[in-house]
Amino acid sequence: MISVAVSPAIIQMNNLNSFLNFQGNTWMSYILDLLYFSDMSPERQDSVPLYERVPFLEIQIPGFPSGVDELNKSTTFPRIIKTHLQVQFIPKSFWEQNSKIIYVARNAKDTVVSYFHFDRMNMAQPEPGDWNSFLQRFMEGKMVFGSWYEHVKGWWEKKQTSSNIFYLFFEDLIEDTEREISRLCSFLGLSATAELTKQVTEKVLFDNMKHNRMVNGCTDEVLDFSVSHFMRKGKVGDWKNHFTVQQNEQFDEDYEKKMKNTDLQFRTIL
């Protein structure tokens, strides 16, 4: 498990814009970085890897700077931070300083497939084992960042009482990227021009990101590209290429039990 103890006193949160998500963090990191800094610092886009521009709050790997260390060195404003933490583990200062939070949620079936392939190539985590055993562990919530079900429900519930949380669905972002970027700008209070919105939409297309060395993960030393691409498919419904009929039936039955007490709905196909 990758974790770090964060003291609110260490990270100055004043007027911070941050985002939280479970799936799609690279995509949202890039969107936000472009919206805030593409005009102010164009060289940043061509020379600084995205994972350095947007620190990973809780990451701590021996031999590498921790997420907190990277945040303390950050001189940009606003600071954009990514995390996979469940809502109950977020530092109090995020709430006390009225941080803007974007939570990106993806349907469970595509999430587990993406998670599986990422763990296969991620040398910082144990081998994921075979697909079937990985799927069972996902259903049981035995993952690095806990249960997907509790994760998405916890943030959904928090959103109902917090105007600083923007709950964004991965599937909506796939369906109409420009529309969702416009909604995101409204939430953040950014007066992005139509031209900038179109430019950002074009740059964050999956194929463009996949060939962009600063965002496609190829400079990250812990990722083994001989096993899998970091940016693999970026589609809705790839789960159909992995689930057997029996696995799908078992998953649906378990899903219905775990999600029966929430109005949170996901699309698994478009």
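The secondary structure of this protein comes to 13 helices and three strands, where helices (H or I, at least four residues) and strands (E, at least two) are DSSP runs numbered from the N terminus. The model is predicted: local features need pLDDT of at least 70, side-chain atom pairs count only at pLDDT 80 or more, and totals for chains, interfaces and linings use all residues. Residues are numbered from 1 along each chain as its sequence is written, and side-chain values use heavy atoms, with hydrogens and water left out.

**Exercise 1. Classify the ring pair W27 and F170, and state which helices it ties together.**

Step 1. A pair of aromatic rings is described by the distance of the centres and the angle of the planes. Rings of Phe, Tyr and Trp (its six-membered ring) pair if their centres lie within 6.5 Å; planes under 30 degrees apart count as stacked, over 60 as edge-to-face and the rest as tilted. The count by this rule is 24 aromatic pairs.

Step 2. The centres of the W27 and F170 rings are 5.4 Å apart and the planes stand at 70 degrees, so this pair is edge-to-face.

Step 3. W27 belongs to helix α1 (residues 25–37) and F170 to helix α9 (residues 170–175), so the pair ties together parts 143 residues apart in sequence.

**Exercise 2. Describe the largest nonpolar core.**

Step 1. A nonpolar core is a set of buried Ala, Val, Leu, Ile, Met, Phe, Trp, Tyr and Cys residues joined through side-chain atoms within 4.5 Å.

Step 2. The largest such core has 38 residues, and F138, V152, Y167 and F266 have the most contacts inside it.

Step 3. At least two residues each come from β2 (101–105), α6 (108–121), α7 (131–140), α8 and β3.

Step 4. Another core of 28 residues lies apart from it, including I31, L35, Y36 and V104.

**Exercise 3. Is D110 buried or exposed, and which residues does it contact?**

Step 1. D110 is part of helix α6. Its relative accessibility is 2%, so D110 counts as buried.

Step 2. Contact means heavy atoms within 4.5 Å. Leaving aside neighbours within four places in sequence, D110 is in contact with K235, V236, G237, D238, W239 and T268.

Step 3. The D110 side chain reaches the backbone nitrogen of G237 at 2.8 Å.

Step 4. D110 and K240 are 130 residues apart along the chain, and their C-alpha atoms are separated by 8.8 Å.

How values were computed
Buried < 20%, exposed > 50% of the residue type's maximum accessible area, 1.4 Å probe, protein only. Polar contact = N/O pair within 3.5 Å; in protein donor to acceptor, adjacent residues only side chain to side chain.
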